Amino acid sequence: MIAAEMAQPPPPPWAGPLVELYRERYQPMVRLAYLLTGDRTAAEELVQDAFVSVHRSWSPVNRPASYLRTAVVNACRSWGRRRTLEAHRRPRRAEPAVLVADELWDSLGRLPERQRSAIVLRFYEDLPDADIAVALGCRPATVRTAIHRGLAALRTEVQR
Amino acid sequence: MIEDEVRQMLERRAGDVSPSPGAWAEIEHRLDGAGDGAGEGRVVALRRETARRRFPLVAAAVLVALGVAAAIAAGPDGASRVDTTPAGPSPTAPPTTFGGEAPTPAIWPATTTRGLQSLQADAAAGRRPDLLDPRAAAGQYLSDLLQPPNGPVEGFEVQQFRAGDAQSGEVPYVMGGLPGTVLVRRLAGDGSIWYVTALTHLTLPVTRVGYDGTRFTAEIRPTAPGRLLATITPVGGGQGRNVDFESVVAGQAVGVDAALPGAGAAIALFRLIGPGGAPTTLAQVRSDEPAPIRAAYCEVLDSVMGERPESYVGSDEHLADLSRLRDAAPPEVVRDVAAYRAFVADRVSPGDPLTQDVQSWPQAVRDALQRIDAANARLCQGAP
């Protein structure tokens, strides 16, 4: 389907590499974004924004996959901050009557945004401290602290 | 070890997420809206075009609603040249029941009357012989459904068709030792194709299925324990979503109330994954009647319209309003609303009035606005 859509001549110069990147990284990035936001719809939207961002910066980008991941992480963090602000400003809508009983997932969602991001990048993406630090825009020591504190908080919540 | 638990939980959660099929089309639209390869050059160009007339900025916030797009469309002589041609749905968008098409209860092999009629032609030409036999149709439906990630690929046994009346019946099947039923119906009389209207399973009774144009609701009372997952797919506009449940206790009623604005109907697939690797069981239903999608869209449009300050244009609040409008939009304008929102998100800033100059926007965005404006007039103001 993607190939058919891209078959319309003439393809722009970025089309081929971007399609390859989409094929290889779109689903993993949507999953990563979902783990960072907890919102499936927002996850897709943010990853699509990130792909547009990658396209705009295509020529100087040497490692598009890494750039994409950083763009996704940044977008998710901004989204989380906006949503926190909105939650303070707007009346809370009634939650749908659904049963959710994944304590660990709920606890992860309650962590501070940096701790949550660091834990997801470590335990889902398997990134080393240095790469997480690049993605989060902080020092590796800060990453280690965030993961340590986040895990401690999760441990406490689960044992409660 | 908490680390192992976290790792497993993340893997499990991530594994439940599947991107929507129209994702690439959405990205393409955003790229189109940004201009082909424009990049930073386009921003520079915008800043240099100071001689261009700026639109009344107080109205720019409601571009997508009414008025401004028509102003864009007006030529120097003031004559309207609004393009009333609908944009049409995305090639990867779900099929639609909107636009006067007769509703259908079908969930497979198509979800619209038009789609079923097309398959009827295929069957008549010998290309879909499976659809002419209810048992074969049910078997093919199950084969399609049981592809990952929906369920086990392991075998299932399709039994003999049991007629209910001349036009409908059921096909029992057994999967993992548990019986289920595929409900089938015939499109017309003898020689016409069979389609699926529902999938039921003893362990997953689904009741009180409803959809009011904004929310999908249902009640499930699983008779076996496990992990319950739901995937709700819009038909005729809107955006799909997944709803997760965990650790369902047998016999416990679980209510589903999922926001799904802007669709004509909804199809819900429920999966019950048994503990300890017990077989997955499935149920699939469709909401009863197409919903008043037009009314839902116009209601959102009303709430979005109104005068706003310059600082609103391109702000998070503006984008949130456009998201609501896009989510409620009928298929004929959803692509244009999405493209417009993507452009605003990417290029328009509340702190930079030059970026709010509509006349300097790409022609593709202005064309989208014209189509949205024409559709708004037709949908919400009764224009022909």
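Colleague: Let's begin with chain A. What pattern does chain A follow along the sequence?
Modeller: Reading along, you get α-α-α-α-α-α-α-α. That comes to 8 helices and 0 strands in chain A. Keep in mind that this is a predicted model.

Colleague: How much of chain A is buried?
Modeller: Buried residues are 39% of its 160 residues. As for contacts in chain A with a separation of 6 or more, 60% come from residues 24 or more positions apart.

Colleague: Okay, helix packing. At what angle do helix 6 and helix 8 of chain A pack?
Modeller: About 95 degrees, and their axes are 8 Å apart. Here helix 6 is residues 113–123 and helix 8 is residues 140–159. An angle from 65 to 115 degrees counts as roughly perpendicular, so helix 6 of chain A is roughly perpendicular to helix 8 of chain A.

Colleague: Which residues make that contact between helix 6 and helix 8 of chain A?
Modeller: From helix 6 of chain A, you have A:Arg114, A:Gln115, A:Arg116, A:Ala118, A:Ile119 and A:Arg122. Helix 8 of chain A brings A:Val143, A:Ala146, A:Ile147, A:Arg149, A:Gly150 and A:Leu151.

Colleague: Is A:Asp126 buried or exposed?
Modeller: A:Asp126 counts as exposed because it has 9 C-beta neighbours inside 10 Å, and the cut-off for exposed is 12 or fewer.

Colleague: Switching to chain B. How many helices and strands does chain B have?
Modeller: Chain B has 11 helices and 12 strands. It has 384 residues, and 42% of them are buried.

Colleague: How confident is the predictor about chain B?
Modeller: The average pLDDT of chain B is 69, and 66% of the residues score at least 70. In chain B, confidence is lowest in helix 3 (residues 40–48), with a mean of 22, and highest in helix 7 (residues 134–145), at 89. Over residues 34–101 of chain B, pLDDT stays under 50. The scores for the model are ipTM 0.81 and pTM 0.40.

Colleague: Now B:Ile2. What does B:Ile2 contact, apart from neighbours within four places in sequence?
Modeller: B:Ile2 is in contact with A:Leu151, A:Leu154 and A:Arg155. You'll find B:Ile2 in helix 1 (residues 2–15) of chain B. B:Ile2 is partly exposed, since 17 other C-beta atoms lie within 10 Å.

Colleague: What about sheets? What order do the strands have in the open sheet of 3 strands in chain B?
Modeller: The order is 6-7-10, with antiparallel pairing. Strand 6 (206–211) and strand 10 (254–259) of chain B are at the edges with a single partner strand each, so one side of each has no neighbour in the sheet. On average, neighbouring strands of this sheet are turned by 10 degrees against each other, direction ignored.

Colleague: How many bridges link strand 6 and strand 7 of chain B?
Modeller: They pair over 4 bridges. Among the partners, B:Gly210 goes with B:Thr217, and B:Tyr211 with B:Phe216. Strand 6 and strand 7 of chain B form a hairpin with 3 residues between them, and B:Gly213 in the turn has a positive phi of about 100 degrees.

Colleague: Last one: what kind of peptide bond joins B:Trp108 and B:Pro109?
Modeller: A cis one, with omega about 5 degrees. B:Pro109 is in the loop between helix 5 (68–73) and helix 6 (113–124) of chain B.

How values were computed: Residues numbered from 1 in each chain as written. Chains lettered and ligands numbered in written order. Predicted model: local features only at pLDDT ≥ 70, side-chain atom pairs only at ≥ 80, totals over all residues. Axes fitted to C-alpha atoms, helices over the stretch in contact; angles between N-to-C directions. Helix = DSSP H or I, 4+ residues; strand = E, 2+ residues; numbered from the N terminus. Parallel < 35°, antiparallel > 145°, perpendicular 65-115°, else oblique. Contact = placed C-beta atoms within 7 Å. pLDDT = per-residue confidence, 0-100. Buried ≥ 20, exposed ≤ 12 C-beta atoms within 10 Å, placed from the backbone. Pairing = 2+ DSSP bridges.
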